[in-house]
Amino acid sequence: EALAELSAYRVRLEQFYQDNRNYGVSPNCGVAVPAGLRWFAVTCTTTGQAFTLTATGGAGGALGSTYTLNQANEQRTTSFKGTAGVRNCWVVSGNEC
């Protein structure tokens, strides 16, 4: 859920950038943050020329998971059950990307 939404949200932000030459303003960026997700809450922060999307797990098996994605398509896992430290990929199972 989180990974698909972050990827789709990034595409919408890039489309917004093409029209406006910026990513909007924080806290929401230029397009609406995905809402109604079952397991994750998504946020967006921007400086206008760069952005970071964050999906934070809040329920069930997603609790304790945090994923990020930025304008350079850098994917990171900043927390995941059983994984220590930040990983420069999206951890989806155990300690594997």
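Two strands count as paired if DSSP finds at least two bridges between them. Strands here are DSSP runs of E with at least two residues, helices are runs of H or I with at least four, and both are numbered from the N terminus. By that rule, E1 and E2 pair in the antiparallel sense over seven bridges.

Some conditions before I go on. This is a predicted model, in which local features need pLDDT of at least 70 and side-chain atom pairs count only at pLDDT 80 or more, while totals for chains, interfaces and linings use all residues. Residues are numbered from 1 along each chain as its sequence is written, and side-chain values use heavy atoms, with hydrogens and water left out.

The protein chain has one helix and four strands, in the order α-β-β-β-β from the N terminus.

Now the sheet. The four strands make an open, antiparallel sheet ordered E1-E2-E3-E4. E1 (40–46) and E4 (75–79) are the edges; each has a single partner strand, so one side of each has no neighbour in the sheet. Threonine 46 has phenylalanine 51 in E2 as its bridge partner. E2 (residues 51–57) is joined to E3 (residues 66–70) by five bridges, also antiparallel. In that pair, threonine 54 stands opposite threonine 68 of E3.

Helix H1 (residues 2–20) packs on this sheet and touches E1, E2 and E3; its direction makes about 160 degrees with that of E2. Contact means heavy atoms within 4.5 Å. Angles run from 0 to 180 degrees between N-to-C directions, with axes fitted to C-alpha atoms, for helices over the stretch in contact.

Last, the core. A nonpolar core is a set of buried Ala, Val, Leu, Ile, Met, Phe, Trp, Tyr and Cys residues joined through side-chain atoms within 4.5 Å. The largest one has 23 residues, and Leu6, Tyr9, Leu13 and Leu53 touch the most other members. H1, E1, E2 and E3 each supply at least two residues, and the largest share, six, comes from H1. Leaving aside residues up to four places away in sequence, leucine 13 touches Tyr23, Cys29, Gly30, Val31, Cys44, Phe51 and Leu53.

Notes
Buried means under 20% relative accessible area, exposed over 50%, partly exposed in between (1.4 Å probe, protein chains only).
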